[in-house]
Every structure is written in C-alpha cells, then in structure tokens.
Amino acid sequence: MLRAVGPLHDFEAGQMRLVELGSRTVGVYNAGDTIYAVLNVCPHQLAPVCLGTVSGTLLPSAPGMLEYGLDNRVLRCPWHGWEFDLATGELLFQSDRRRLLTFPVTVSDGTVYVDDSRTETPIS
C-alpha cells in the first residue's frame, strides 16, 4: 500500500527520519538526490538499525589503493557495525546473505510516499 509519510521539506538532506507504517517503524533517509526507506530492524540481531550512521565506505580496490564510494548510501548498524546498502538492503563485504527490508519511495507533488506492501526480506 502506498502511504504518504510527509511533505518533502520535512525530510532534510543527510538526515534519517523514523515513521510509523502500521505496526512497523521505517527509517526514511534523504541522500540529497534519492530518498530511501528501510525497516528499522537489523537482520543480524534485531538492532534499531536506523539509529546508526549513514556515510560511504571503502570499496574493493587495487593493492595499495584506497577507494571511497557509495557516499550517503551505507547505513552502519549501531550495535555491531554491519554495513548495508540503502538502495538494495544488501549487506556489504560479508558472505552473510541477510539484508535490510527496503521499501520503494516516490515523491509526488511535494509529498513523500512509501510503498509498504513488501512483507519479507528478499534473499538473492
């Protein structure tokens, strides 16, 4: 179901805002050019993942090189530091297949909408 979660101006760039969608708490994050929505539950040990930090991360690169990327797309769990891609929910740089439950977001006429019809985390 597509649900209005607030006017776009309430979602400041670089900030996570928690919203209630029925019985679920969802973090809505404005990365500046894209808005992401994720369930506020880390699949590792059920931490409130949206209380973590959002940044980028070091990417796999050539020996002796450090390459930073995915800026404003990496949500780091506050309990154990697991890093997730906000766009896909995928866990970064580990072999574990657990991932965050993500929701499609649209902005129309200055209002942010989250489609919360997804009920389970996809495993790829």
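How many bridges join strand β5 to strand β6? Six bridges do so, linking residues 53–59 of β5 with residues 67–76 of β6, and the two strands run antiparallel.

## About the model

Welcome to this predicted model, in which local features need pLDDT of at least 70, side-chain atom pairs count only at pLDDT 80 or more, and totals for chains, interfaces and linings use all residues. Residues are numbered from 1 along each chain as its sequence is written, and side-chain values use heavy atoms, with hydrogens and water left out.

A strand here is a DSSP run (E, at least two residues), numbered from the N terminus, and two strands pair if DSSP finds at least two bridges between them.

## A three-stranded sheet

Now look at the open sheet with strand order β1-β10-β9, where the pairing is antiparallel. Because β1 (2–7) and β9 (105–108) stand at the edges with a single partner strand each, one side of each has no neighbour in the sheet. On average, neighbouring strands of this sheet are turned by 30° against each other, direction ignored; the axes behind such angles are lines fitted to C-alpha atoms, and angles run from 0 to 180 degrees between N-to-C directions.

Between β9 and β10 (residues 111–115) there are four bridges. Val-105 is placed opposite Val-114 of β10.

## Nonpolar cores

A nonpolar core is a set of buried Ala, Val, Leu, Ile, Met, Phe, Trp, Tyr and Cys residues joined through side-chain atoms within 4.5 Å. Buried means under 20% relative accessible area, computed with a 1.4 Å probe on protein chains only.

The largest core has 15 residues, and Val-49 and Phe-84 touch the most other members. A second, separate core holds 13 residues, including Val-28, Ala-37, Leu-101 and Phe-103.

## Rings

There is one aromatic pair in the structure. The ring centres of Trp-82 and Phe-84 are 6.5 Å apart and the planes are at 35°, so the pair counts as tilted (centres within 6.5 Å; under 30 degrees is stacked, over 60 edge-to-face, the rest tilted; Trp by its six-membered ring). Trp-82 and Phe-84 are both buried.

Elsewhere, Arg-17 sits over the face of Phe-11, 4.7 Å from the ring centre (for Arg, CZ within 6 Å of the centre and within 35 degrees of the ring normal).

Methods. Buried means under 20% relative accessible area, exposed over 50%, partly exposed in between (1.4 Å probe, protein chains only).
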